[in-house]
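Subject: A structure to look through

Hello,

Please find below the structure that I promised to hand over, and open it beside this message while you read. My notes on what was found follow directly after it.

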Amino acid sequence: MSFIQHSSPHAHGSNSTQKVMLTVALATLPGLVAMVLFFGIGPLINVMLCVGFCVGFEALALALRKRPIGFYLRDYSALVTGVLLGLALPPYCPWWLLLVGAFFAIVVAKQLYGGLGFNPFNPAMVGYVVLLISFPVAMTQWAAPTGVGDHSLPGLAAALSQVFSGQGADGYSGATPLDAFKQAQGLTVDAIYEQPLFSAGHIAGAGWEWVNLGFLIGGLFLLWRGIFSWHAPAAMLLAISLLAFIFFDGSSESGGSPLLHLFSGATMLGAFFIVTDPVSSAVSKKGRLIYGAGIGALVYVIRTWGNYPDAVAFSVLLMNFAAPFIDYYTLPRTYGHTRPRRATEKADN
Amino acid sequence: MSAPSMDTKPEQHVRKIYPIPGGVHPPQNKAQSTQTPLTEATLPKQVILPLSQHIGAAAVPMVEVGERVLTGQLVAQAKGVVSANVHATISGTVSAITDCVLPHPSGMSGPCIVIESDGLDEWQPLEPCEAYLEQDADTLLAKIRAAGIVGMGGAGFPAAVKLAARSPIQHLIINGTECEPYITADDMLMRSYPEAVIQGTLIMAKILGEPEDLVIGLEENKPEALAALRQAAEGTRVQVVSFPCQYPSGGEKQLIQRLTGKEVPSGALPASLGCVVQNVGTAYAAFRAVRFGEPLLSRVTTVVGEALEKSANVEVRLGTPVGELLSQFGYQAKKASRLIMGGPMMGFALTSDLIPVIKTSNCLIAPSRREMPANNPPAQACIRCGLCAESCPASLLPQQLYWYARSEDFDKLESHHLFDCIECGACSYVCPSNIPLVQYYRSAKGSIRQAREDKIKSDHSRQRFEFRQARLAKVEAEKEAKRLARQQAAEKAKQKLADNPPPAAAIPTAPAAVSEAGGADAIARLERAVESAQARVTTAQERYQEAVAEGSERAEQLLAKLKQAEVRANEAKQKLAAAQAEPSATPVETSDDPVAAAIARAQAKQAMNPAEKAKANVESLQKRLAKAREKLAEATQENSDKVEALQSGVEKLEQKLADAEQELAQTAGQLEPVLAAADDPAQAAIERAKAKAAAAATLSPTEKLTSQIESLQSRLAKAQTKLAEAQAAEADNQEALALGVSKLTEKLAQAQQVLAELEEQANP
């Protein structure tokens, strides 16, 4: 034994960043399975390609930055970014869309800011938003879920040819439930729900409710494993439900029912996999409540009164801006102090 | 959180257990060392007793090298209030009082008393006390202080200081929490000596004025200790409670929060809440000190780890080197990844196995590499997961502190309450990226303390500098003001003199010199009054004589008037005399009014002829030079920094004096008659001498000497005459005069000799 100077603590918990990242990636499985069931092989192709691109860009950026590549790749943060970006992008979209998204997510939004832990914005959402603004047509071509219309899901070969050569898949795409609701101003809610997109489902449209349920299950699993605290996702879901409840008057002119909002679009994926991204969110419990609630409110506002059918990415980025500000005003009350302090206050001793 | 397992003892009322924030649940690792009962370690061959095993001032050695000491003998005495006695823990010989490596996180060395055992363990006689609870509080406190008891839980704060709390105490909390993994010393102590712990608690309660709440708190992972203590506490008012495990609920602040729901205000002591917390080991030691008169000589220490053949708790004499203790447990150095004194969360790695067990050493861990790897894994990036914040028992924001510590933003660190961090290490423990958070905070705290000290130092020197600058500026300003005042006064006086020249007689007289506004005017007024009174007397006399000559009836009336006029004239004369006498009683130099004085001087100067002026100038310069030389001498003696300035001042004055003397010499011709007419013969003599000296400056050395000899001869002649006169009159100053004559003779002889030599040189 050598008498090395170690300072306490000498013990360490079994938790590690790798474990956290792998658990998060694993928890997307129920949602991914639901997506594959309803949209075919497309989402899986997306995820695999995105993971490949993301890890590749990460390695490249680390090499350019002269950082130990293996050490940083082993934190698996690029893997998680790839998975989330892949899940967010429309299935059967062209490969270059994935590449551009991965580039912006990893290189611009993460490595240019200093790598993991230093990025003020959620990388996957930055990649997504860049694509949504730059390539709006491609980004709104969501595949129609099975059981809607009379198309069948493309096979692997057809899917790959669609992704890599852009041929032969026009028939797959269709409106998402949120799209349908937004565009159907002339119809009554009953009439909307009689459309095949909704009638094939139960509460929030064919397929989508199951996908969201899958992500909800994954999220609850992470919560149980203590990967994140309940504050941000709960606040987000509550804010969406509350606003939907207040503004839904039963007509299609209003914003849609709370259940529609909770179980369609990227609500659950956002609530449990994006909003909980610790790096770009607020820090304290109170801060995370505010942060989550802000995202929920923005999601509802943009969905209902904005131009985009879904809004999780925009809302998350907007609240990423606000996170440091929230942190400043939500310091917890420290033991032995009578009131919480704001970070802008000067030390009194 | 609900109070657990309280229902087993219905006679104890259920105490509310409060939640504490944060905390972690590391693997307990307590079973290894609780399998065998508490034993005693073998007597050490040598003990190393650090003079500072506690918080506060180091004790002062009371023994000398080579002295034989008995077990229990005081070898170092507490210095001041916050300090603790140190006793010999074995009998033997003091072999050294020297610096040894201390059990301290820094691995620093400090003074220790080294005692070689004689193997006899011969005890100093002790003073037992049966009816200890009947003793008064001061006696009990004195016994605890004399025994050198300190906080045995790890901090080592002198127990007597805490027990001498000035504010009233409501809660005496005995800490048996032992929340750190591996450590079971308190557990085994409570299991083995529950009565002693309870009695120690009662003794401390007595000292503290019987607080209403006496409670022993322990985590619920010690059911045996809980049962033993409860049994021992029956019939006393000591409450024994347990609560769920949650590191670090054994921290003083956390335990107070657990048991009372109160938080110790930041920067304050628990006593401010009416709480005193003592470790169970301290209670046990206090009991032994009071009951048996036994100083603190040993403690229970957990010896545990996979690098040992067996793990157990052992009562070990203080000062036993760690290596010697570990060897009794089959220590295999090759297997160990490090040696830790204290627990794995807050203990420190030892830098040598010669480090002694001290009063606060509750645990020794010799972990294998499997238990604790030799090297910590490298830190990864912070992913801001917030687990650290969730684990922080002080509700701090560890990641913010981490960023600020890395960027050395001390202001932000303090505004984020860095100094409320108790360094429990929970944040580092949970960090998934292996970031050494608490290590950063410790380092930052050290830097801030250092910066504070530096600031105090620099503030001091800045203040000193500023004070000096201010003082110099003040002196300068005063000088300038004086100079200005003199200048103004001189100008005013000149102007006034030019405007209305005063009567010639007024100049040399004292009244004119007194002041322009006061004395002179008043005297002039009085003089006028006298004149007019006398004039009236004259008129009255004339009229009276006329009336008498005419044989008028008014003659009597006029006589009365004449008498009145005479009286008034006399009064006026008296007043004038008084006014004239008054200023002459106070010397001009001491006049308070510098302006008036300056004017007087100026007037006097103006009235002088050039020769007189030059003379006066030389005189004043000489005075100033003398003063300046005096000051210079003083300054040189004091080694003051003013020496240079004074030196240059003196030089300037000398220069001025030389100039003045030259001027004087030029006017010397005119001077002679004036001097002859001068009232003061001594002054005249001096002036003559000076004039001659000045004149002599232009002469050749021979001429100078000749004139010197001449003057000396004349002085000698005069002196001899005076001496003769004095002798004739049998005056008192005969001796002085005789001495003066002999000195003059001597000088004359010298001068003549020099002159002869010079003449020889000039005419070989």
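Before anything else, a word on burial: a residue is called buried when its relative accessible area is under 20%, exposed when that area is over 50%, and partly exposed in between, using a 1.4 Å probe and the protein chains only. With that in hand, B:Arg384 counts as buried, because its relative accessibility is 13%.

This is a predicted model, in which local features need pLDDT of at least 70 and side-chain atom pairs count only at pLDDT 80 or more, while totals for chains, interfaces and linings use all residues. Residues are numbered from 1 along each chain as its sequence is written, chains are lettered from A and ligands numbered from 1 in the order in which they are written, and side-chain values use heavy atoms, with hydrogens and water left out.

Salt bridges

A salt bridge here is a side-chain nitrogen of Lys or Arg within 4 Å of a carboxyl oxygen of Asp or Glu, and the structure holds 23 of them over all chains. Helices (H or I, at least four residues) and strands (E, at least two) are DSSP runs, numbered from the N terminus.

One of the salt bridges is formed by the side chains of B:Arg384 and A:Asp327, at 4.0 Å from N to O. This pair crosses between chains, from the loop between strand 17 (363-365) and helix 9 (387-391) of chain B to helix 18 (residues 312-329) of chain A. A:Asp327 also counts as buried, since its relative accessibility is 8%.

A:Arg333 forms a salt bridge with B:Glu263, with the closest N and O atoms 2.7 Å apart. A:Arg333 lies in the segment after helix 18 of chain A and B:Glu263 in the loop between helix 6 (252-260) and strand 12 (275-279) of chain B, so this pair joins two chains. A:Arg333 is partly exposed, with a relative accessible area of 34%.

Within chain B, the side chains of B:Arg317 and B:Asp121 meet in a salt bridge of 3.0 Å, N to O. B:Arg317 lies in strand 14 (residues 312-317) and B:Asp121 in the loop between strand 8 (109-117) and helix 1 (137-146), so the pair ties together parts that are 196 residues apart in sequence. Both B:Arg317 and B:Asp121 are buried.

Backbone details

A:Ser8 and A:Pro9 are joined by one with omega of about -5°, and A:Pro9 is found in the segment before helix 1 (17-27) of chain A. The bond from B:Tyr247 to B:Pro248 is also cis, with omega near 5°, and B:Pro248 is placed in the loop between strand 11 (238-243) and helix 6 of chain B.

Covered parts

In helix 5 of chain A, 11 of its 12 residues are buried, including A:Ser77, A:Gly82 and A:Ala88. In chain B, B:Gly200 lies in helix 4 (residues 194-207) and counts as buried, at 0% relative accessibility. B:Gly200 and B:Ala285 are 85 residues apart in sequence and 7.5 Å apart in space, C-alpha to C-alpha.

Best wishes
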